[in-house]
Amino acid sequence: MAAYIGIEVLIALVSVPGNVLVIWAVKVNQALRDATFCFIVSLAVADVAVGALVIPLAILINIGPQTYFHTCLMVACPVLILTQSSILALLAIAVDRYLRVKIPLRYKTVVTPRRAAVAIAGCWILSFVVGLTPMFGWNNLNAVERAWVANGSVGEPVIKCEFEKVISMEYMVYFNFFVWVLPPLLLMVLIYLEVFYLIRKQLNKKVSASSGDPQKYYGKELKIAKSLALILFLFALSWLPLHIFNCITLFCPSCHKPTILIYIAIFLTHGNSAMNPIVYAFRIQKFRVTFLKIWNNHFRCQPAPAVDEDPPEERPDD
């Protein structure tokens, strides 16, 4: 128990400051104000909430307090909302990168700040609908009530609060995983494959034509697309193991699931929230430079070294 709580607290202590730093960087650096980085901020907000809200609730569930059924259900739902928000933000980022390479000349007229804001709002609204579906009735209340009545008890059931006790595995597998997780992930893989194909096609064309500026634009797009595809890969790597365990629970209830592997799968899902700022820092120069500037200006009490915040090779619309 102590080891579990220690690891969860460590993840939260990395995730919350790291993602707050991402949001801060976008706020202070004008070069990070295009649609992609707005979607990245939405992703960072979800990751901050994982560290500040979901992890404390997960620790609470692990302790297993006695609660009313619907109280436990309310504790279990935030992780569903935030996971869905992350997936939809990643999908929005993938579509945005596709439009940047498919219609570069018309991109700014198609992807306006207003449309980006509407897309972000739509992602969050849909995430709440999907994540709160168990609150609307798709849960294990009937089974818990039958056991409660069979014991001669009355009133709303009081249970040991555990995720699988209140959340239906049919919901988790058939609705959450097969509809709202797996298809978006597969769609994003296809989108990024198409993005890389279009970029390579344009780079080959521009090299043969000896055209410098378009080559610089698509070279920058290739670099950013690789970084964002890495974010997608890490997300899939972090979340698929837990969903696979959910499938085993539903389709093979008698199958043994080693407790240590379940804990590792849970740590991966929570740890994914701490991974993204690290990827941004190492892979995207505009983030790295802004992170250093924030650190120097606000935590070392000395001005940042004079560094161009938006190097020519990475300007959004070169």
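The expected span of a helix is 1.5 Å times one less than its number of residues. In this predicted model, that rule can be applied to helix α11, whose 25 residues (259–283) should span 36 Å; the C-alpha atoms at its ends are 35 Å apart, which agrees. The protein chain as a whole contains 12 helices and 2 strands, and buried residues make up 48% of its 318 residues.

**Overall architecture**

- Read from the N terminus, the elements of the protein chain follow the order α-α-β-α-α-α-α-β-α-α-α-α-α-α.
- Taken along the principal axes, the box filled by the C-alpha atoms of the protein chain is roughly 80 × 45 × 35 Å.

- Helix α11 bends by about 40° at N272.
- A nonpolar patch on the surface is formed by L10, V14, I278 and F282, which together have about 430 Å² of accessible area.
- Helices α1 (2–28) and α11 each supply at least two residues of this patch.
- L10, one of the patch residues, lies in helix α1.
- With a relative accessible area of 54%, L10 is exposed, because the cut-off for that class is over 50%.

**Aromatic contacts**

- The whole structure holds 19 aromatic pairs.
- In the pair of Y171 and F175, the ring centres are 5.6 Å apart and the planes lie at 35°, so the pair is tilted.
- Y171 and F175 are 4 residues apart in helix α8 (residues 169–180), and they are therefore separated by about one helical turn.
- An α-helix has 3.6 residues a turn, so residues three or four places apart point the same way.
- Y171 is buried, at 0% relative accessibility, whereas F175 is partly exposed, at 22%.
- One aromatic cluster consists of F37, Y280, F287 and F291.

**Salt bridges**

- Side chains of opposite charge can pair when their charged atoms come close.
- The count of salt bridges in the model comes to 7.
- One of them joins R100 to E221, with the closest N and O atoms 3.0 Å apart.
- K257 lies in the loop between α10 and α11, while E164 lies in helix α7 (residues 163–166), so the pair ties together parts that are 93 residues apart in sequence.
- With a relative accessible area of 18%, K257 is buried, because the cut-off for that class is under 20%.
- Through shared partners, salt bridges join D34, D96, R97, R100, K220 and E221 into one network.

**Selected positions and distances along the chain**

- P113 is located in helix α5 (residues 113–131).
- P113 is exposed, with a relative accessible area of 73%.
- P113 and D34 are 79 residues apart along the chain, and their C-alpha atoms are separated by 7.8 Å.
- D34 is also among the members of the salt-bridge network.
- V95 is found in helix α3 and is partly exposed, with a relative accessible area of 35%.
- V95 and K223 are 128 residues apart along the chain, and a distance of 16 Å separates their C-alpha atoms.

How values were computed: Residues numbered from 1 in each chain as written. Predicted model: local features only at pLDDT ≥ 70, side-chain atom pairs only at ≥ 80, totals over all residues. Heavy atoms only, no water. Bend = angle between axes of the 7 residues up to and from the residue. Patch = residues over 30% accessible without salt bridge, like charges linked within 9 Å, V, L, I, M, F, W, Y side chains within 5 Å. Areas by Shrake-Rupley, 256 points an atom, 1.4 Å probe, with all protein chains shown as cover. Salt bridge = Lys/Arg side-chain N within 4 Å of Asp/Glu carboxyl O. Buried < 20%, exposed > 50% of the residue type's maximum accessible area, 1.4 Å probe, protein only. Phe/Tyr/Trp six-rings, centres within 6.5 Å; stacked < 30°, edge-to-face > 60°.
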